[in-house]
Each structure stands twice: as C-alpha cells, then as structure tokens.
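Hi,

Here is the structure I said I would pass on.

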Amino acid sequence: IGWACGAVADENFKRAALAFKILDRRNVTDPVWNYCRLMVRGILLYRTGRLAESIDNFTELLNHPVGYYSDQWKITAFVSGHLAVSLAAELDKTKTVMDEFARLGEKYGSDFARGFAHRMAAFLAYQSNNLPLALEYMKKSAASFEASRSPVLAITSMITFCFWSSEAEDAATRSKQCLALLRDMGKYDVGHGFAELCKTMTAGVLIKAGEYGQAEILLLDSLKTSKGKHAAQNVCGTLMQLAELSFLNDKQEKTAYYINEWNTLAGKYGYLFFWEADRLLLIRVCALSVCKGFREYPLKIIRERLSERAAEILLCDPEQIAGNPAVLLSYKSEPTMSKPKIAVKLLGKFGLTAFGTTITDEHFKTKKIGGILKYLLMNRERPVSREVLAELFWPDSDPSAAFMPLPVALRQLPK
C-alpha cells in the first residue's frame, strides 16, 4: 500500500497501477489499511480516466466503518474522492459530499474542510448555470484554503475564479492575474495534476484575450506532461482548449484532430464535467464534434448539462452553434435532485441505506447505540421521549442519572 501511495503521490500512474494489480490479488483485512487502499485507489482511478470505477470505489469508501469512527479519516477520504462525483455531474452525490464537508468544517472549525465545501458548492452552482453564485463560492473556497495554509489549493481556486469570470468580464485583466498566480504556484511542490489544470485554465483565459501564441505554449506543455503521466482527466480538458484554439485560428486539420482525440478519450470514460472547460467551450466543442460526425457522446453532454431542447437545436445547426455557443445557454433547464431514498432492513442482518450510503451493525461503537437507532426507526411514526429511552437502555441506573449517557450515545449515532 505504501508503494502504491508513493506512486500516486509522484503521479507515476503506470507504477501505481502495477502496485494495485498486486494488491487486488490479496485480501487486505485490516480495516485502516483497507481504508487507505480505497483512498489511494480512488485517486488513481479518476486521474487515469476510469470514472465509473472511481465512483464505485468512493461509494465503498463512504460505507466503510473506519469513516464512522474517525472524522479525520472521513475528511481525508472525501478529499481523495470528491472530484469523481463532480466529473460525472452527479448532483445528488456532489451535494451530499458538500454537506459533509460543511458539517465537518463547522464541527472542528476547519478552514480546510470549508474550502472543499465551498468548492463543491461552486461546482454545483456552475453546473446549474448560476455563474454569479459559482464565482462567489469559488472565491470563498480560495479564502478558506488560504486560511488553512494550503497555497496550491488556494491558487487553483483563484485561477478557476478568473477562468469562469472571464466569460463575462475583461479577459485581458483576468489573464494577467492568472499568469501571476501561475508564477506563485511555481514556488511550491505541486502534485495531483494541479499545475497542468491551472496552465490549461490560464490558457483558456488567454484565448479569450486573443493571446493565442502564449495560450498554445501552455496547452502543449500541459498536454505533453499529462500524457506522460497517463492522466486522462487533464488530457481531455487540454484537448478541448486546443480544439477551440485551432478553430479560432481557422486551422481545420488541427481542429479535426483534437476533436477526434477528445471524443475518443472522453467518450470512452464518460466525463460530463470538465474543470478545464467553461460553459461556452463545452458547447463549442460539442458542436464541433457533431460537425465532424460525432453524435452520441456530445449530444449526451448537452442533454445532461443543458436540456433535451438544447440538444435538438445543436443537432439542427451545429455550425451556427460552434460560431456562437452562447445561444444554447438560454435553453438550460433546472437541474433536478432526486428525492432521498431510504431503505431499512430490521429482520436478519441490519442495514440502513440512504444517499448511496449503507450503515450496518459494524458501524456502531456499541450494540446499545445500534439498539437506540433501531428502536427509533421502529417507532418513527410517534415521538419517543428521553425517559422511555433511558428506561429501556439503562434500566439499572438511577432515574436521575440515566439521562446523562443518553446525549453521548445519540451523538455517536452515524450521521
């Protein structure tokens, strides 16, 4: 596990994949080590493009007992896997992760956790076409990360803020800010693809400012580095920027090449949200893809991110949309959050499933704590007083003292 962790930290994903081939043949029985295995594996999966597997891995991590015993472990697990649900544009899971980051941030006064909560809120707002709210939360994310002494995360959030805001503001000013932030990032040991991500977003702002030459230098450097690491997530976002740059430069052969590469790679892994792509870029690349004969994947993105009507309009006149992608933004439908589904099994082996998370008897610190939850579930149609709980679960205690352990037990129920 240490070998795999080191390889992922060094972004040597080929070596990390080899380590996990060995690990997957073995049964890691120790709960903490198994938790570590899942965290590192999740990062490897989404960075190398295996998004569906990464989400399944994250779901398993959320259901793991270790996360219920230690909030510190839970924060670390959420940091390792939260981007997978955003890349898949799974709004329900994104909101669940955001709420948990916010809860942990408030509970411990953790600016680090608040930073991630604000970033997830920004992603949700951006995917919902609420640009002002997305910018507000992304700026709060940068401030929280700065307060937690996480400079790379703070810089990444600020470059994201500049990238998104350049849709509606002066791109020339924002490009200067991005370049200054990139220089600041160079002072730190940067991992997890943040350097490539920030170069690609900065190039996106430079393209809007008409600085095509400088943008191309950054994009080709980012693409080479990401391909060398087999980091499919970064490669896909960079290909989109290169496709737009080639289109605006009227380089048809290069445009066709990058569009083909993007559809082949991104379509294979099913990405629906790209950190490196703003809304207009996403629409333009989908329109160019339809022009080049690709339909299924780009139209799926437009349906998911905008609406069925937007996909119909794009299909009718992809060339016009490629030239003026802002037209489709007015056809954005409101995202729908599914109603929470809660399933409880009380006969046989206990299980409670909600928001994709399952709680079993192994998640309770004591049998008494589990018994309290089961009793409340069985009597959920009527109020249960503290007196009743105290008498049932602490029958031998003095009535006046029986209440004392009850609040502690209730706080230990899995959240």
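Let me start with a polar pair: the side chains of Asn 234 and Arg 47 make a polar contact at 3.2 Å (a pair of N or O atoms within 3.5 Å, one able to donate a hydrogen and the other to accept it; residues adjacent in sequence count only if both atoms are side-chain atoms). This is a predicted model, so local features need pLDDT of at least 70 and side-chain atom pairs pLDDT 80 or more, while totals for chains, interfaces and linings use all residues. Numbering runs from 1 along each chain as its sequence is written, and side-chain values use heavy atoms, with hydrogens and water left out.

Asn 234 lies in helix α14 (residues 232-248), helices being DSSP runs of H or I with at least four residues, numbered from the N terminus. Is Asn 234 buried or exposed? It counts as buried because its relative accessibility is 3% (buried is under 20% relative accessible area, exposed over 50%, partly exposed in between, with a 1.4 Å probe and protein chains only). Leaving aside neighbours within four places in sequence, Asn 234 is in contact (heavy atoms within 4.5 Å) with residues including Gly 193, Glu 196 and Glu 276.

Cheers

Notes:
Helix = DSSP H or I, 4+ residues; strand = E, 2+ residues; numbered from the N terminus.
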